[in-house]
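Let's take a walk through a protein model together.

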Amino acid sequence: MQGNYIRSNIVQNLRNTLTDHNKYSSDNYDLRPRGTSFFRVHVKAPPKSQVEFSLVYEEMLIRRGGEYEPTIYLHPGNVVDDLKVTIAIQELRPLVNLRVPPIKGELISSLDKSIQNDMVTIERPSEKTAIIRMQASRQEQMKESQDGLKGLLTLNYDTERGEDAGDLMIFNGYFLHFFAPSHYGTLPRDIVFVLDDSGSMADSKLAQMKLSLFKILDTLSEKDRIHFIQFNNFISPRKEGFVEVTPESIKEAKNYVETEFIAKGGTNINEAIMKGFESFKDLPQSDEARARMLIFLTDGQATAGETDRERILKNFQSSNMYNVIVFAIGFGADADFALMKRISFEHKGIACRIYDAKDADSQMYMFFQQIAKILLLGINFDYDSSYVDKKTITMVGDGNYYSGSEMGVIGKLRSGYRGDINIKVNELRNGQSITVKDLGKVKVQKDEPEFMTKSAYEMMIERMWAFMTVKSMMRNLYMRKYERNFRENYKQLRALSLKYNFLNSLTKMQLDLPKSGGFSSEFIDINPDYQRDNYAMSRSGNVEYLATKRRDSGLVYDPHFIVELPTLEFPLCFEVLANSGQNILLLDDPATGDRITATVVASKVKNKDGHQRTYLGAVKIAHSMLSLYVTPRMIHVHGIVLSWLKETNMRIKGMKLVVTGSGQHLNVYLNNSTHIVIQRTLVSHTDPNRVSFLNFYITDYSGLSSDTTGLLGQFAHTDVYSKKSKQFQMLSNTQELYGNDGNGRNFKLDAKLIERLELFDSRSTRPCWKIPMAENSVLFSGKNMKNFFVKTL
């Protein structure tokens, strides 16, 4: 495996030789530590073969906390005879603080940073280069575990910093500028913490949030001012408002956090952040440069007050009158991380996903340390040269310079360029752009490459320009800045991605295998995690009423189903023609005994074809001799009746129930793995034509066996994929989809791209691949839809 970490250049080589034929059948390695992309390959090889897997990739290193941390996830799958890793580093400036800690898991630990990996040796050919070699014998691998190495091999280092404007590289008509001065002090901060204490934050989440806040408060300085706003259904600002940081005020703040934050109610995101913006109007005006920060944390969706995502974002844009930087934190799998990213991007901040694990408090604290010390606000680079094509300039980041970070700018030069580029750096102070003071000249770097060819080294700058341009365009696309010329920008993105072989949500990976020797490949699955916002929702299904515009002209039958698959850019959707009183088998796993059924109800409202609109009126979940019965009016489990309006968190015989108390959501966990969300829509008794109904979602299929069946259960092991690139999927309205049902049966489907309601959001739509009614029997394991109707609930 060879990889280029693109900043200057790091090349790593990894060669595994596997000889145990018992471990060498068709395997599926699905390796995905936190924050990573993953790919999955099914390969068959002859027994006792010696195989070399070669992967070439590039990654741009990000400096955080004053260091770079390139990471390799090692997991050969078992103990191997020969495991070697070689990493070669060449930097623009002398290396400092280079270390390789022991292999670790993804949980954040307080490991002593001075401890070195005893399987690693470090060579220093020069002050700007290093070669790191790791070799692990079978015995050393078995020390880690009986299954061999499985963990993160990281190395940490930085380069010497100064008081200059950074480093400049110029090759083949492109320039690259790195900016990371070390001599500026931290700006004083006005921070409002807007924190979720709704019912879903109960128990460990709330305790971890408090623990991280205690650590954060201890890091603040006496020039800072802090304020707290807690929210659930209601918004509760701390009555003292902003207070200056002193030992006494920190002690009082800790007591406030400990005693006042009690988990209850729903999640009113809209009013909470608007109240946070409003709180800055009470601060006195000053000529002093200060960083105004809003740190927002939630673990759920907007369930109270305004819940429409686009209206929420528009409200925030009009309410942020004081240039407040927003740092939105999504805590756990249920958080609307798509909304968190949009909020942060649009208000010059950074979004963070906190994984719901025992180290969640450490994750929060580390994120605060990353964004806490702002040195310069609103940075803008002015390249004074007629040869700089300013339309091509791209900057990584939000324009704010944080302590321990690095800003990168790249662009094209017009033909005929000779000489240097004069660079002027500006910052934003009290709404005005001024020149950054006490900054030396940029250093032009012309070192020859040590570990790669000169042509590849020079080409790297061009590829970095393309990469940063694509990333910037993807971000703008995500923020919906291209709605008016959507297709034009997609074509430009596709052209850049294909020209430079970038793997992203617009392109697809191909696998090359030897044409002889008994090798075969069944399928390759790539998921670059570009806009996968619900990381726990690898495969999900839902049932909900359709009441929105759509591109297709076919008749619409209810209920309709949407199934999220990692193999498709857009989800799969299909419709079921059902009559009131019929029961649908949604999931049946004979291995675990889990069985889920639902009853159809009908309203008096009719579709254009004359059929009554139908919905799910009740859901029954059978698990371990336990029965959960849910209707829009009540929740009944094991002889206990629960209210939709009362927050509840209970566990019975391997089933965990979490009622949020918002009146809308019930979370069901089976065997600590399979996750189900039931959402209700309640209709007034005074409306005789409409009925109350339930939406049903499976957000995590883990824990289910390969024998699982049912209308939605079958997708625990059924794959549907396109042979076209993801960009083609986005631009084409029709295409053929292919799949297999996990039992060796392949099928083909004709699909049409239409609009359906967004998961968890009845006011927004998203595209999906609609399978016509005639194709349903092909998709559903060759069965007629009637096979999924059962006599009793």
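Which residues line the largest cavity? They are Phe193, Leu195, Met209, Ser212, Leu213, Ile216, Ile295, Leu297, Ile329, Met364, Phe367 and Phe368. A cavity here is a set of points, on a 1 Å grid over the protein atoms alone, where a 1.4 Å probe fits but cannot get out, and lining residues have an atom within 4 Å of a point. The volume of the largest cavity is about 100 Å³, counted as the space filled by probe spheres set on the points, with grid points joined across faces, edges and corners. The structure holds 3 cavities of 30 Å³ or more.

Before going on, some ground rules. You're looking at a predicted model, where local features need pLDDT of at least 70, side-chain atom pairs count only at pLDDT 80 or more, and totals for chains, interfaces and linings use all residues. Residues are numbered from 1 along each chain as its sequence is written, and side-chain values use heavy atoms, with hydrogens and water left out.

Now back to that lining. At least two residues each come from strand E15 (189-196), helix H2 (204-217), strand E19 (291-298) and helix H7 (360-371), and H2 gives the largest share, 4 residues. Helices (H or I, at least four residues) and strands (E, at least two) are DSSP runs, numbered from the N terminus. In total the protein has 11 helices and 49 strands.

What about the inside? Of the 793 residues, 55% are buried, where buried means under 20% relative accessible area, exposed over 50%, and partly exposed in between (1.4 Å probe, protein chains only). Helix H6 (residues 337-346) shows this well: 10 of its 10 residues are buried, so H6 is largely enclosed by the rest of the structure.

With 0% relative accessibility, Gln141 counts as buried. Leaving aside neighbours within four places in sequence, Gln141 is in contact (heavy atoms within 4.5 Å) with Asn78, Val79, Val80, Leu83, Ala136, Gly148 and Leu149.

Where do the nonpolar residues gather? A nonpolar core is a set of buried Ala, Val, Leu, Ile, Met, Phe, Trp, Tyr and Cys residues joined through side-chain atoms within 4.5 Å. The largest has 53 residues, and those with the most contacts inside it are Ile621, Ile678 and Phe696. Strand E47 (residues 746-758) gives this core its largest share, 4 residues. A second, separate core of 42 residues includes Phe193, Ala291, Met293 and Cys352.

Finally, look at the strands. In a regular strand the side chains alternate between the two faces of the sheet. Strand E6 (residues 71-74) has Ile72 and Leu74 on its covered face, with Thr71 and Tyr73 on the uncovered one. E6 runs antiparallel to strand E11 (residues 151-154), joined by 4 bridges; two strands pair if DSSP finds at least two bridges between them. Elsewhere, 5 strands form an open sheet with mixed pairing, in the order E24-E26-E14-E13-E29. Strands E24 (388-396) and E29 (443-444) stand at the edges with a single partner strand each, so one side of each is left without a neighbour in the sheet.

Definitions and conventions. On a 1 Å grid over the protein atoms alone, a cavity is a set of points where a 1.4 Å probe fits but cannot get out, and a pocket is an open set with protein on both sides within 12 Å along at least five of seven lines; lining residues have an atom within 4 Å of a point.
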